[in-house]
Amino acid sequence: MLDHILSILIFFPALAGVMGFMIDKGSIRAYGVAVAFVEFALSLWLWFAFDSNVSGMQFMENIALIPSFGINYILGVDGISLFIIILAAFFTMIGIASLTETKNEKNMIITLLFLEMTMIGVFSALDAIVFYVFWELSLVPMLYIIGAWGGPMRIYASVKFFLYTFAGSLVMLVGMLFMAYFFYQATGTWSFAILDWYRLILPESFQLWLFAAFFVGFAIKVPMFPFHTWLPYAHGQAPTIGSVILAAILLKMGTYAFIRFSLPLFPDASVFFMYPIAVIAIIMIIYTAMVAYAQKDVKQVVAYSSVSHMGVIILGTFALNVEGITGSVFLMIAHGVVSGALFLLVGVIYDRRHTKLMSEFGGLAHVMPRYATIFGIMLMASVGMPLTINFVGEFLSLLGFYEQSHILTLLAGIAIVVGAIYMLTAYKKMFFGEVTKDENRNLPDVNKRELIALIPLAIITIWLGVYPKPVLEPINNSVEAVVQLMHNKSTTEEAKSRIPNVSGVVISKTSTREAH
Amino acid sequence: MEKYLYIALFAPLVSSMFSALFTNTPKKQFVGIIASLLIFSAFVSSSILLTHILDGGDIVHVEMMTWMATGNLYIPFGFVVDQISVTMMMVVTLVSTIVHIYSIGYMDHDKGFNRFFAWLSAFVFSMMILVMSDNFAGLFIGWEGVGLCSWGLIGFWFHKEVATWAANEAFIMNRIADLGMLIGIFLVYWNTGSLQYDIAFPAMAHLDSATLTWMGIFLFIGAMGKSAQFPLHTWLADAMEGPTPVSALIHAATMVTAGVYLVIRSNELYDLIPHVGLFIASLGAFVALFAASMALVNRDMKRIIAYSTLSQLGYMFAAAGLGAYWVALFHLMAHAFFKALLFLGAGNVMHAMHDELDPFKMGGLKKVMKGTWIMMTIASLALAGIFPFAGFFSKDTILEAAFAEHHMVIYGVLLFTAGLTAFYSFRLVALIFHGEERYKIFGIHPHEAYKFMLIAMSPLLFLAMIAGIFQTPFFEMVEEILGATEYHIHSHATLLIMLVGTQMFVGLAILYAYKKYASWSSVPDGSSVIENSFIYKLLYNQYYIPYGYEEYIVKPYNELSAALWEVDKKVVDASVDGIASIFYSAGENTRDMQSGNLSTMLKWMVVGTVVLLSLAVVFGLAARYSGEIMSILSGLGV
Amino acid sequence: MEIGLNHYLILSTILFAIGLVGVMRRKNLLLLFFATEILLNSVNIAFAAISHYYGDLTGQMFAFFVIAIAASEIAVGLGLLIVWYKRHGNIDLESMTSMRG
């Protein structure tokens, strides 16, 4: 069973989703929770069986689809993707478990199970076409979730989300086709397998163009400034569960893809574009943090803060050294946990008051002390308090980038200041002061169903902040392999010097010379 | 010994978590008692460690577990008890034990009683991490942790707008400095390859001076925030919105001295860069004077003491910057005792006066509050540096150090500030405890604090009186690690003149303060000549710095944020929608072609055919005559 | 003057032009069919002439195919035309706009 655990992880929720159509409306929630729990248990088993000393891919599966064009169904995980898969399974589980009363509950749960399939598919695919298929498929359930259960502007928001990201992905697809074509020219065989592509060394000029093509697709997904405007709409209109999944997992597809595709395939181009991208990342960090400060709607604050944190992840990725990339992968998980929790928390108050405007609240700490406490923990995690999960990621990302540029890191470090400004201000507006609105006087504190979701998140936030080693170690090993591969593959002098040579890890490589 | 280290470190954590269990329940007396006992056990453990170190025992160094390890970076949870950290541990645990016990009385009627102890113990835990960590990352954990607890405690009465505002201000301002600190840590890591003190500091000796200078500057920026040095000082006075025991523990005795601790801990770095040290000393001397001047006219009891804290922190930085690390550490310790005592006394007065803070509305309280009066007077004498109290030994040594190092400007400033210190301290004492009972106008019936609160304060009183005798043993203890030099003025006569002169100067300042304020009879209403003078207004408004920050930083930030949001909607998003609408309107406009009229469509078909044919012809011709075209184009200079 | 390939091609072009103008200008469906026939036949002429010129019978074969297709097209087209006329009472192109976009 372990040989096919990835396929099982991908298709079990989808099959269960199909079966879900036959389940009675009354018991669909129990069914959904059970399926998601089994899936989560399977993902934990994957972690348990995962050998963290191996830096390469594990649990590989390979089934021929269109062999003449080198398109195969290849799956595999390494330390970089493992934890995002677990996170996806985890968030689907607590998302379904904490789902509040919604109309068409059955459709929602089935959609979530399909979404889970696409998410896990993206993170375990090792064939560009399979990756692309899951990547695009993930848009459909999310389109449906926003469009069917969203707020007043849901159609606009969902169409914008779909078209924007879809347009970017098409450019990425063109890049993939070109990449396969270059591979064909170099070796005489077609292949879309990413591991094959890793061995191909492209001339720098090709790398630049292909990097740009992939960049468009990834940057819109992340979303990077100035492609971020779909996100506030999507978050603003999406139901709580949609925002949670979107922020926790879907955004990570972009940053994950940077590490899976852009860095190892185009090391010279990565070095070439490092400074421009770092500048964009810094703009993301500071600009969106300031925009977040100006928001009146607490959900928009969290939405913009997501963009700001994604900037730090991008920066860590383009540190191009082990510390930075490990930090950025860890921060992906951290940000998933924290922003997911924050969106859940916003959902809690929205369910009670049916408004997200901060001016409607005030003094909530008096009436909802437990809610205020959990929100406070997540707030502190969000601003990067040490011994919370976010700090480990942010610290390592910034530390990593410091090797590349001092000034830019100093600018990016403003994140910890501006982040504190908007988060603390929002917290003060919502929780501190006297209760001014009569509607707020008798709000019930968080109930059991909400605690089921929030308590585990709070525990993870602290646990991985204090003891990140179990997660950090596998990530570190895989990242070392990636960095070594980049160092070996890079052709320009500058790239060689910028990307460190991680001693002790040797990757067999085929140069173009050999490929010809 | 490791056992005691762990007890000292984790007893506060246990205390905090235990108290946190009762956060949402009504007041429970036993929470306060158990928390105090746990903190007291940390104090006992620290004392055992101190005797161990004093007996010449080995430095206790433990590595608990790995925190972060990636690439070449390796950060453990490591803790070290050496001469410096054991001093800090003693100060922290002693003052916090007293403050915990005191708080049982002070927070008696507060419904957040349990929550208060959770936060307070959490603070002690963070502070212990800060001083005991054996690496910069661990220091940073404590550094941010005390910031968090300070946020929670300043904003403890979160229904008050000013309190939460002050809490956020403190947190954000500290964050600005923490950024500098973080950059300093990065510099240390990338240049020495480690964040462990025992690896990083020896490696610094081989680095070039420019790198070291940057390192020193960035780390000091971190210290400036925590220790509220100019220009990041405004948060400290506003932090007085928190409960008074918090002010005593956090904003006088321990947290604000973390910056000084950092400089002392990094003495090996700052020894290599004396020019940065001189800058630190100059800034310290400036802040000492600057803060003292603001304390002269303020009409808020707690703020006056806060400014005095700021001023004393300036003294400590002056000493540390001049390389007299042990003097700085000694003053830190002595200051913790008498300043905590002063604050707790102020807390008693506040309770008695029903949270009235203006000393002009008090007066004559010595009749009803004899114990508090004696304690605050002695604390003020110690603060002023009168022989034989604690301040005399620590502060005079700073002056001697400045004199012996031939920094006469710094010496002069510090000496002058000593006079100001004496004046504002006794202005406060005189206004509160002497003269007419002005509070009667406001219908207040003051009463002395609980007896056990006074008893809890008595160790501080004792230490404020006799801490001076520890000077020699302390010097001998830290000598080894801080490379200490005793500061001797060359001739005995000079020394004597200096000592006597200083004492007389300070004494005169005290007398002047008494003369002016001990018989004060009315509450100033802002109409007197002096209150309308420019200097008074300047000092009373804190040199208009908070106003300037509000006007030139906070407001523009608000406006810029709002403007950027507009930009986000009206430029960035609008251009995306614009691109989308180009396609949309192109479709809208061309759909008329699809009129459904066969005749029209046939016409379009013909147009299309003609266009395609002509394109084919053009490209065919161009391909055939490409050589000629190129030569013509190059002939045209294209 | 001998009649050569060029003359045939010129005739074919003229017929094609007449047919094209007819296709574009006529509003009556029946006349449109006439115009299409002219177009097709102009091509047929060209096919036949070029076929003869090169001595290759393929072109003439193609002309037959075209004639066959034109005939079947007319057969179907006229059938539809009559149905349309029965329903609407005219065969004016302007009235046939139900496919408007």
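User: Where in chain B is B:Tyr543 found?

Analyst: In this predicted model, local features need pLDDT of at least 70 and side-chain atom pairs count only at pLDDT 80 or more, while totals for chains, interfaces and linings use all residues. Residues are numbered from 1 along each chain as its sequence is written, and chains are lettered from A and ligands numbered from 1 in the order in which they are written. Helices (H or I, at least four residues) and strands (E, at least two) are DSSP runs, numbered from the N terminus. B:Tyr543 is found in the loop between α22 (534-540) and α23 (545-590) of chain B, and this residue, although not a glycine, has a positive phi of about 60°.

User: Why does B:Tyr543 count as partly exposed?

Analyst: A residue is buried if 20 or more other C-beta atoms, placed from the backbone, lie within 10 Å of its own, exposed if 12 or fewer, and partly exposed in between. B:Tyr543 counts as partly exposed because 14 C-beta neighbours are inside 10 Å. B:His354, with 12 C-beta neighbours inside 10 Å, therefore counts as exposed; B:His354 is in the loop between α15 (325-352) and α16 (370-384) of chain B, and its phi is a positive value near 55° in a residue other than glycine.

User: Which residues does a cis peptide bond join in chain A, and what is omega there?

Analyst: The bond joins A:Phe225 and A:Pro226, with omega about 0°, and A:Pro226 has its place in the loop between α9 (204-221) and α10 (230-237) of chain A. In chain B, a cis peptide bond joins B:Phe230 and B:Pro231 with omega about 5°, and B:Pro231 lies in the loop between α8 (209-226) and α9 (234-238).

User: How many bridges join strand β1 to strand β2 of chain A?

Analyst: Two strands pair if DSSP finds at least two bridges between them. Here 6 bridges join β1 (residues 58-66) to β2 (residues 71-77) of chain A, and the two strands run antiparallel. A:Asn62 stands opposite A:Ile74 in β2(A), and the strands form a hairpin with 4 residues between them, where A:Gly70 in the turn has a positive phi of about 70°.

User: Which chains have the most contacts between them?

Analyst: Two residues are in contact if their C-beta atoms, placed from the backbone, lie within 7 Å. Among the 2 pairs of chains that touch, the most contacts are between chains A and B, whereas chain A and chain C do not touch, their nearest C-alpha atoms being 23 Å apart.
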